Amino acid sequence: MSFMNMTVVRGDITTRAVDAIVNAANASLLGGGGVDGAIHRAAGPELLRACRLLHGCPTGSAKATPGFRLAARWIFHAVGPVWSGGTRGEAEKLAGCYRACLELAHQHGLRSIAFPALSTGIYKYPRRQAAEIAVRTCRTFGHSLERIEFVCFDEETAAIYRSLLARSLLAPEREQAAL
Ligand code: AR6
């Protein structure tokens, strides 16, 4: 399922041949579980050395490293919010992650980027709400990119993204107003 430059991919983000993949990191940028662990394993130990030089990253933002052993040239390490009920600015922080990555892509003149479903694993952000923020922010700020992939590890998440992109396809203007 695709809409404009956005597409849903089911699978492992570490294998994507795009200009940049996005990591669901934590504020230390020193690695962890989930997709963060998978990216560090696939990129190799040089990645941790590069991350140490960044001295962490605030929640709602992102920092760049090379992709090292990955097919992707860049890794954008985004720090999503931990879900704590939705009253602590989680939505703004999650949108800030997507926006920061799109800005980095624009600054580096990139054409393609792949996002995981930031914050929806260990950080427990509700999947549908998170996907709505991802699609809306990419639609608003992702125009300079030729291809934006939402890489979903599980079928449930992929189905949510597909339905959001299908809805956009049917009624882009109404959908834009509703989101
Ligand atoms: N490719 C694509 N998506 C993946 C992969 C993969 N290889 N592995 C997991 N996912 P999570 P968070 C999905 O927990 O919630 C780490 O310890 C997963 O199914 O990786 O932002 C960090 O260091 C889910 O849909 O990230 C932080 O401390 C999504 O990626 C913390 O976890 C995000 O799940 C960040 O938690």
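Before looking at packing, I note that axes are lines fitted to C-alpha atoms, for helices over the stretch in contact, with angles running from 0 to 180 degrees between N-to-C directions. Helices (H or I, at least four residues) and strands (E, at least two) are DSSP runs, numbered from the N terminus.

I keep in mind that this is a predicted model, in which local features need pLDDT of at least 70 and side-chain atom pairs count only at pLDDT 80 or more, while totals for chains, interfaces and linings use all residues. Residues are numbered from 1 along each chain as its sequence is written, and side-chain values use heavy atoms, with hydrogens and water left out.

Entry on α4 and α5. I looked up helix α5 (residues 155–170) and found that α4 packs with α5 at about 45 degrees, their axes 10 Å apart. That makes α4 oblique to α5 (under 35 degrees counts as roughly parallel, over 145 as roughly antiparallel, 65 to 115 as roughly perpendicular, and the rest as oblique). On the α4 side the contact (heavy atoms within 4.5 Å) includes Arg 127, Arg 128, Glu 132 and Arg 139, and on the α5 side Glu 156, Ile 160, Tyr 161 and Arg 167 are among the residues. By class, I read seven nonpolar, three polar and six charged residues in the contact of α4 with α5 (Ala, Val, Leu, Ile, Met, Phe, Trp, Tyr, Cys and Pro count as nonpolar, Asp, Glu, Lys and Arg as charged, and the others, Gly among them, as polar).

Entry on α3 and α4. I then turned to helix α3 (residues 90–107) and helix α4 (residues 127–141), whose axes come within 9 Å and cross at roughly 40 degrees. This makes α3 oblique to α4. Among the contact residues I list Leu 94, Tyr 98 and Leu 102 of α3 with Ile 133, Thr 137 and Phe 141 of α4. The contact of α3 with α4 has ten nonpolar, one polar and one charged residues.

Entry on the ligand. I looked up polar contacts (pairs of N or O atoms within 3.5 Å) and found a polar side-chain atom of Asp 36 at 2.7 Å from a ligand oxygen atom. A polar side-chain atom of Asp 12 lies 2.9 Å from a ligand nitrogen atom.

Note on methods
Polar contact = N/O pair within 3.5 Å; in protein donor to acceptor, adjacent residues only side chain to side chain.
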